[in-house]
Amino acid sequence: MSIIVPVYNTSEFLDDCISSIINQTYQELEILVVNDGSDESSSEKCKEIQDKDSRIKYFSLAQKSGVGAARNYGIKKSTGEYIYFLDSDDYLAEDGIEILVNSIKGRDIISGKMKKTNLSRSEVLEKDLNEDENELGYIPSLQGSESVNLDISDAYVYQKKRGEVFRNGSIIHRLIAKKFVEKYDLKFSEEITNYSDFSLIIPILVHNEEIPYQSSSVYFKRRRNDPISNPSISQLPIEQRISDFLTSYLILREKYQSDDVATAYLDNHLLEIYRKQIVTAFKNPENIDYLFDQLKKCIIKVDSKRIKSNGIILRREVNALKIGDIDKYKSISKNHHRLRYLKQAIRSRQKLYLYLYRTIFMRQPIKENLVVFESFLGKNYSDNPKHIYEYMVKNNYNCEYVWIFNETDKEIPGNAKQVKRSSLKYYYYLARAKYWVSNSRMPKQLNKREGNIYLQTWHGTPLKKLVFDMKDVHSANPNYKRDFYIQSRRWDYLVSPNKYSSEVFKSAFKYEEKLLEFGYPRNDILYTQNNASRIQELKKKLKIPANKKVILYAPTWRDNEYFGAGKYKFTLKLDLEKMNQQLGDEYVVVLRMHYFIANQLDISEFENFAYDLSKYDDIAELYLISDILITDYSSVFFDYANLKRPILFFTYDLELYQDTLRGFYFDIEKEAPGPLLKTTNQVIDSIHNVDELNVDYKERYQRFYDKFCSWDDGHASEKVVKKVFNKN
């Protein structure tokens, strides 16, 4: 049999895809890899792959021609009794092909089960394939099917409702007889990018009275996580996907107008796409202008009985479409969207607040002197927003200030209003404010109004790869890149701490607006308050013994250890008991976890030695009181280096972190201004010998300081404020 794999810019997924084929339990295969004008990286990967197995045949199209053309080329070159299509970013369970081959029983086609996943092939192999948490939503309904003996207990055959097998509109994970393809001269449409599969699906439904479905054969459909830089076909702009479907529908509806199975399948698919995609796209009136005529030509062909079976809202819109009155249609569509928004609004308090934000608050005049501040999603009063705010208060800027907190009643200078995050006032002030100042992303559902100025201060110099510089995403949110792109398009200014960060931000954030290259406002106090009296004052405030030196441990979070989206776990690897025994006479340890960390560490047995100050607002004040920093891959060491005090790197999972989870922008082993340590014993030994380490790392530390700290001078807040607020 022949497996056809079209390739377009999927270099990071190809190894998983091809390995899953090579390692099939069914080995009588030819593997046709068709390069559809990929970039250099994918083209080189294709050439490497052809040497992996003698069954691989590699072909390269002269230019990008689309997935339909690449698959058609594969069909023409195939020699197997059966044809099977596998997308190059997906992979198979090891017995996937064998089960289909053994189950087809002389039929023209058999279909298998699909699962969506965010995981790599190696990660899936470690899991139970029967876990259903990642089921693809279109698994065929078993109603209307008849169980048949295919030697596998969970096989079914579809007859009258065979269109159910193709509810997802895809040809992948179907084993098809080559003689059937040749008999009807089946080809993929090459005129469109999306829905080119329909030109095969419809004749399959027409010429096969029964289609078996084998749920034991599993195909893993990977959720692509970069719809901005490298989208899959299903992630292309919605208006393009709709237009392609309508093009395909019109051609096939006319060609098969006398076949009840074909027309029912096409009509039902059109109505489903109308409800789920077209209605969404038509929130933007420009899409109505773009698609109206094409949609009208299609909708008049739909069987009226199928339209009548839908709700009154859809029927009213369809009637306006049929008569070709675009103005009437726009009016009806607008009113229907208002009704949908209102129905959504009454479902929960947050939806109601968001409805008021968009429909009432944003229509009120913008308040030119209103500034809203938020730090780390409202968790504390800290970081760059804090120091920008305090500079403005100290210098008597004529502004109304609002601070967003998860818990209000904080002690802060000035007369700022404190507003609870996600409250009604939160939405009101964000809608009315001229300025937003934040160091993390604002929720994507918060539309940014014209005239609003969004100052994004960010929260660190990047060591770890960020967003669009990451090949794959292992975080709890599979839509991380898409969401980040939407949110970051709203930034008018972005604060940068050094030249290195400026270059990373442009690449990782795809940022093209104004960079404020002044250093970080949060580092100002490392220059203006770095004196003995202030340090003793802070120690007293924090109840840290004045006669003890302070070790600050500030690790980052791990992308692959989480409870859920935005809630990450942390397991303490430092042996506090051993540290207490060997260092407790001279030192105390202050723990400061990343703000993403959701679990609270229990250090109650180390009273008077270990202090958990993870919830303390301003980490910069913890820098001031500490004599040594222990960290890992957190950006804290870039800021701490301004103090030129010792830094130890507790990197017990270095290989995993740099090779799998994130990757680094530079070689930490060569550039880190301190030793990389794997065990608690090594950490303790380094602290005992800290003076020798200072000598050993003196030159490297200075190079590091010159590269990453040279913009900080104690005046970053002043420079940022004057740039953003003075001229306005």
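Helices (H or I, at least four residues) and strands (E, at least two) are DSSP runs, numbered from the N terminus. The model described here is predicted.

**A buried aspartate**

Asp-53 occupies the loop between helix H2 (40-49) and strand E3 (56-60). Its relative accessible area is 15%, and Asp-53 counts as buried because that value is under the 20% limit. A polar atom of the Asp-53 side chain lies 2.9 Å from the backbone nitrogen of Arg-55.

**The seven-stranded sheet**

Seven strands form an open sheet with parallel pairing, in the order E13-E12-E11-E14-E15-E16-E17. Strand E13 (417-420) and strand E17 (514-517) are the edge strands, each pairing on one side only. From one strand to the next, the twist averages 25°. Strand E12 (residues 400-405) runs parallel to E13 and is joined to E13 by four bridges; Phe-405 has Lys-420 in E13 as its bridge partner. Helix H18 (residues 499-508) packs on the sheet, where it touches strand E16 (493-496) and E17. The direction of H18 makes about 140° with that of E16.

**Aromatic rings**

The whole structure contains 52 aromatic pairs. One of them, Phe-85 with Phe-188, is edge-to-face, with 5.0 Å centre to centre and 90° between the planes. This pair links distant parts of the chain, 103 residues apart: Phe-85 is in strand E4 (residues 82-85), and Phe-188 is in the loop between helix H6 (178-183) and helix H7 (198-207). Both residues, Phe-85 and Phe-188, are buried. One aromatic cluster includes Trp-458, Tyr-480 and Trp-491.

Lysines also lie over ring faces, as tabulated below.

| Lysine | Ring | Distance from the ring centre |
|---|---|---|
| Lys-465 | Tyr-665 | 5.8 Å |
| Lys-707 | Phe-666 | 5.6 Å |

Terms used
Residues are numbered from 1 along each chain as its sequence is written. This is a predicted model: local features need pLDDT of at least 70, side-chain atom pairs count only at pLDDT 80 or more; totals for chains, interfaces and linings use all residues. Side-chain values use heavy atoms; hydrogens and water are left out. Two strands pair if DSSP finds at least two bridges between them. Axes are lines fitted to C-alpha atoms, for helices over the stretch in contact, and angles run from 0 to 180 degrees between N-to-C directions. Contact means heavy atoms within 4.5 Å. Buried means under 20% relative accessible area, exposed over 50%, partly exposed in between (1.4 Å probe, protein chains only). A polar contact is a pair of N or O atoms within 3.5 Å; within protein, one must be able to donate a hydrogen and the other to accept it, and residues adjacent in sequence count only if both atoms are side-chain atoms. Rings of Phe, Tyr and Trp (its six-membered ring) pair if their centres lie within 6.5 Å; planes under 30 degrees apart count as stacked, over 60 as edge-to-face and the rest as tilted. A charge sits over a ring if NZ of Lys or CZ of Arg is within 6 Å of the ring centre and within 35 degrees of the ring normal.
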